[in-house]
Each structure stands twice: as C-alpha cells, then as structure tokens.
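I set out to go through this model one place at a time and to write down what I looked up. The entries follow the order in which I worked.

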Amino acid sequence: MTAVAPEAPIRRVERVMGTAFGITVLDPIEPAAVDEAYDWLRWVDATFSTYEPGSEISRLRRGELGLDDTSPEVREVLNRCAELTELTDGWFTIRSTPADALDPSGLVKGWSIDRTATILRMAGATTFSVNGGGDIVCGLGPGPGGVWRVGVRHPDESGSLAAVLDLRDRAIATSGTYERGDHIWGGRSAGPGLLSATVVGPELGTADALATALFADGSGLPTWLERFGGYDALVVTGDRRVRWTPGFDQHLVPPPVSPSPTGV
Amino acid sequence: MRRALPVLGLTAAGLSLVLRFHSSPATAHHVTAPIAAGLRPTTPLGPDGTAPTTAPPTTTGTVPGGSPAPSTTAPPASGAFKNGTFAGSAVDTRYGPVQVQVIVTGGRITDVQELQAPSDRNRSVEINSQAAPLLRDEVLTAQSATIDLVSGATVTWEGYQVSLQAALDAAKR
C-alpha cells in the first residue's frame with residue numbers, strides 16, 4: 001500500500017510520432033517504467049522527426065549537423081539502414097531518389113519500440129505488448145501457452161482479418177496501401193503487386209523495414225528474404241491470394257474445425 | 001547490453017545466409033492459399049476449410065466462390081460477459097479523443113457504440129466513418145476468437161481498440 005507500489009495491469013496509450021502508442025503490461029511493475037518508456041519514445045520523435053525543423057535529422061539534412069556530431073542512436077539507425085538497404089537488394093532505402101533528403105522513418109518506429117520493450121523488461125515486465133500504430137512487440141501474452149492472439153488486418157476488407165497469429169516474444173509489422181506510410185514507394189510494375197506485407201521476427205526494427213521493403217519490391221516473397229534468419233513473411237498479393245514463408249506456419253492459428261457435437 | 005543487439009542481429013542474418021542455403025529457391029516452398037472477401041477472424045484463410053498449418057507446401061488454392069460468414073452463428077463462450085453497458089476509457093488519438101462502449105445482453109456483446117469520435121476536421125470524419133463500422137464488425141464477429149491486437153491497424157483503429165479493450169475488461173465476469 002505504498003505510494004510507489006507496483007501496479008497490474010497497466011494499459012496506456014499516448015500519441016507519439018503522429019500515431020497512437022499503446023503499452024499493456026500485465027505483470028506488476030512500477031508505473032514509472034511506463035513513464036520512462038513514453039519519455040524514450042518522445043525523445044526518439046524529437047530526434048528523428050522529419051517534420052520538426054530542430055530535430056537532429058532535419059539539421060543533418062540541412063547540413064547544419066555533421067554525422068559525427070549526431071547522437072549515437074542516430075548513427076546506429078543510419079548504419080542499420082545502410083545494412084538493410086544492401087541486404088534487401090535496395091528495396092529498403094532512406095531515399096526514394098538519390099536527390100531526396102534522407103528519411104530513416106521506415107526503421108525508426110520499429111527500432112524505438114524494440115528499445116521500449118527493453119525498458120519494460122528491465123523493469124520486470126515479461127507479459128506485455130507495445131503497439132505503435134499496428135506495429136507490435138509481443139512479450140509473453142495472456143492466452144493459453146503465453147501468447148498474444150494477433151490479427152493481421154485484411155488489406156481491403158477492413159472489417160476482416162487476413163490471418164490470425166499466436167505470438168509470444170515476437171515482433172510483427174505490416175505494410176499496406178491503407179497506411180499513411182509515405183516512406184513506401186516503388187513497387188514493380190510487372191505482376192499483380194502486393195496489397196500488404198506482414199513480417200514476424202525477433203526484432204521489430206528489422207521486421208518493420210522488411211515489411212516496407214517487401215511492399216516496395218512487390219514481387220511476393222523474393223529470395224533476398226532468405227538472408228534474414230528468424231524472420232518470416234506473409235503477403236497478400238494483388239490477385240487477393242495469401243502467400244507465406246514455410247517458417248510462418250508456426251505462428252498461424254488454423255481456422256476452427258467444423259462444428260462437431262463431440263468436439264472438445 | 002542492449003547496444004550489442006543490433007550487432008547480434010546482423011550476425012544472425014549472416015549466419016542465416018549459411019544455414020538456409022541448403023534449401024531450394026524460396027518460391028518453391030511457399031504455400032499459396034486464396035483469400036476470400038469478408039473473411040472473418042475465426043476463418044482466417046481458407047473458405048474451403050483448409051487450415052494453413054495443414055495445407056501441403058506448394059499447393060495453390062482455388063479461387064473462392066463465396067465466403068461463408070460462420071462466425072455469426074458461432075456460439076461464444078456462454079456468460080463470458082456481464083450484462084449491461086460498459087464504457088471504455090477515452091483515448092487521445094491524432095484525430096481527437098475516441099471512446100466506445102459495449103452493450104452486453106444475455107452474456108453476448110450485442111453492440112458497440114461511439115461515445116466520443118473525432119469529428120471536427122474533414123480528415124477525421126473521413127477516417128472515422130471508415131473505422132467505426134469496421135470495429136463494430138470485428139468485435140461482433142471476433143468475440144469468440146478473442147483477438148488481442150491487430151497488426152496493420154490504422155491510427156483511429158488503434159484508439160478505438162484501446163478504448164474497446166478497456167470496455168471489454170469492464171464487461172468481463
């Protein structure tokens with residue numbers, strides 16, 4: 001009954017990076033850890049914003065700040081962006097054309113949510129989720145087997161889901177035409193293209209970037225995806241089919257068996 | 001400790017190049033299934049009842065002829081919710097506060113209503129008018145599937161979802 005007693009559960013949502021960030025922690029932890037998590041997210045927003053003229057990214061773009069003068073976090077993100085560009089055969093990029101200003105937004109949100117999860121874990125949270133506008137890090141969940149049951153939004157039947165997954169200690173990101181993601185561009189003109197791309201893996205930063213790259217690539221499940229161990233993808237193609245990598249099977253919840261009077 | 005993780009991630013990616021090279025080209029392994037219009041959470045992938053985990057690799061599904069709507073008749077766990085009206089918390093979104101309430105009759109969620117919705121800007125109206133029916137649809141059909149989170153959700157959806165979750169928590173027995 002002390003003033004700083006751990007609380008459970010904690011469910012909060014705050015507006016950061018122009019979207020809603022929901023944090024749910026089902027373990028009893030100090031609420032101050034959730035404050036710290038949102039402070040971190042707001043710092044990331046202020047540092048990486050492409051809209052705020054005073055952000056490090058904006059100053060870097062204008063040449064007012066040298067790369068060596070940026071925060072270690074900025075350099076870390078830009079380095080990882082460069083690696084991801086190479087590993088995705090150029091489909092993930094921080095510049096839509098060589099003349100464009102750099103924009104690492106395709107990695108920043110997911111990367112910052114990974115760190116948010118670390119803040120919560122260090123405070124003792126094991127059963128939690130962090131949801132930044134539909135890009136999610138799942139710890140252990142409340143369901144049987146310690147899972148979170150996660151729906152993948154259907155790309156054009158908005159009241160429906162394209163797939164249902166059970167996730168624990170995994171990250172999931174989805175890119176689609178419906179989102180406001182102005183960091184997505186390109187797409188191959190040949191073939192039906194994609195309506196959405198979902199990636200599940202150990203880290204959300206990479207999953208987010210891969211979903212963006214898959215969507216920009218548009219060819220389905222390209223071979224460059226094989227370079228990312230532990231990451232699996234599910235795509236909805238323009239001809240309204242779902243395709244997924246073999247490793248995605250472990251996450252999918254099968255449709256219920258047909259009703260049986262003797263069913264358990 | 002955390003700062004080492006990106007390096008580990010890169011190492012893992014490098015290892016995967018080696019470990020996964022024994023497999024055939026990626027496209028040869030991919031399972032394909034049709035996606036039907038109006039699929040519901042309880043039947044995520046196959047209108048023909050094909051479970052994704054049992055679909056044989058390299059199988060191509062047939063074009064869906066029509067989509068079933070089985071969840072409207074699926075019996076929910078009886079008595080999962082208390083009868084009454086339960087308001088969720090108001091959630092501040094980019095487009096304004098969002099708050100919903102659920103109506104439970106006979107232990108079932110029978111309606112989801114907006115108490116607060118963004119409406120003072122054109123963009124808000126546009127997004128909100130799209131999101132609200134979705135949410136209602138999703139809740140009414142997913143109550144036995146218990147979806148905790150939605151990936152690829154819109155901002156407004158997220159706001160609704162958080163408010164909704166609070167309402168559902170309040171309604172639970």
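This is a predicted model: local features need pLDDT of at least 70, side-chain atom pairs count only at pLDDT 80 or more; totals for chains, interfaces and linings use all residues.

A:Ser58 sits in helix α2 of chain A, which covers residues 56-61. Is A:Ser58 buried or exposed? Its relative accessibility is 5%, and A:Ser58 therefore counts as buried, the limit for that class being under 20%. I also looked up the separation from A:Thr47, which is eleven residues away along the chain, and the two C-alpha atoms are 8.8 Å apart.

I then stepped back to chain A, where I find five helices and ten strands. Of its 264 residues, 58% count as buried, and the chain exposes about 10,500 Å², of which carbon and sulfur atoms supply 52%. For the contacts in chain A with a separation of 6 or more, I noted that 56% come from residues 24 or more positions apart.

I looked up how helix α1 of chain A (residues 31-48) lies against α4(A), and their axes come within 9 Å and cross at roughly 155 degrees. Since angles over 145 degrees count as roughly antiparallel, α1(A) is roughly antiparallel to α4(A). The crossing of these two helices is right-handed. On the α1(A) side the contact is made by A:Ala33, A:Val34, A:Glu36, A:Ala37, A:Trp40, A:Leu41, A:Val44 and A:Phe48, while α4(A) brings A:Val108, A:Trp111, A:Ser112, A:Arg115, A:Thr116, A:Ile119 and A:Leu120. Sorted by class, I have eleven nonpolar, two polar and two charged residues in this contact of α1(A) with α4(A).

Next I took helix α4 (residues 105-122) with helix α5 (residues 204-217), both of chain A, whose axes come within 7 Å and cross at roughly 155 degrees. α4(A) and α5(A) are therefore roughly antiparallel to each other, and α4(A) passes α5(A) in a right-handed crossing. The α4(A) residues that make the contact are A:Gly106, A:Leu107, A:Lys109, A:Gly110, A:Trp111, A:Ile113 and A:Asp114, and those of α5(A) are A:Leu204, A:Gly205, A:Thr206, A:Asp208, A:Ala209 and A:Thr212. By class I noted five nonpolar, five polar and three charged residues for α4(A) with α5(A).

For α3(A) and α4(A) the axes are 11 Å apart and the packing angle is about 120 degrees. That angle makes α3(A) oblique to α4(A), and the crossing in which α3(A) passes α4(A) is right-handed. From α3(A), the residues A:Glu73, A:Glu76, A:Val77, A:Arg80, A:Cys81 and A:Leu84 meet A:Leu107, A:Val108, A:Trp111 and A:Arg115 of α4(A). The class count for α3(A) with α4(A) is six nonpolar, no polar and four charged residues. Going back over the lists, I see A:Trp111 of α4(A) in the contact with α1(A), in the contact with α5(A) and in the contact with α3(A).

I then checked the backbone, where phi of A:Asp89 is near 55 degrees, a positive value in a residue other than glycine. A:Asp89 is placed in the loop between α3 (72-87) and α4 of chain A, and with 48% relative accessibility A:Asp89 counts as partly exposed. A:Asp169, which is not a glycine either, has a positive phi of about 50 degrees. This aspartate, A:Asp169, lies in the loop between β6 (161-167) and β7 (170-176) of chain A, and its relative accessibility of 36% means that A:Asp169 counts as partly exposed.

Where is A:Gly238 placed? I found it in the loop between β9 (232-237) and β10 (241-244) of chain A. A:Gly238 has a relative accessible area of 32% and is partly exposed. Leaving aside neighbours within four places in sequence, A:Gly238 is in contact with A:Pro192, A:Gly193, A:Leu194 and A:Leu195. A:Ser196 is 42 residues from A:Gly238 in sequence, and the C-alpha to C-alpha separation of the two is 8.7 Å.

Conventions
Residues are numbered from 1 along each chain as its sequence is written. Chains are lettered from A and ligands numbered from 1 in the order in which they are written. Side-chain values use heavy atoms; hydrogens and water are left out. Axes are lines fitted to C-alpha atoms, for helices over the stretch in contact, and angles run from 0 to 180 degrees between N-to-C directions. Helices (H or I, at least four residues) and strands (E, at least two) are DSSP runs, numbered from the N terminus. Angles under 35 degrees count as roughly parallel, over 145 as roughly antiparallel, 65 to 115 as roughly perpendicular and the rest as oblique. A crossing is left-handed if the near helix is turned anticlockwise from the far one by less than a right angle, and right-handed if clockwise. Contact means heavy atoms within 4.5 Å. Ala, Val, Leu, Ile, Met, Phe, Trp, Tyr, Cys and Pro count as nonpolar, Asp, Glu, Lys and Arg as charged, and the others, Gly among them, as polar. Buried means under 20% relative accessible area, exposed over 50%, partly exposed in between (1.4 Å probe, protein chains only). Accessible areas come from the Shrake-Rupley method with a 1.4 Å probe; for residues, only the protein chains shown count as cover.
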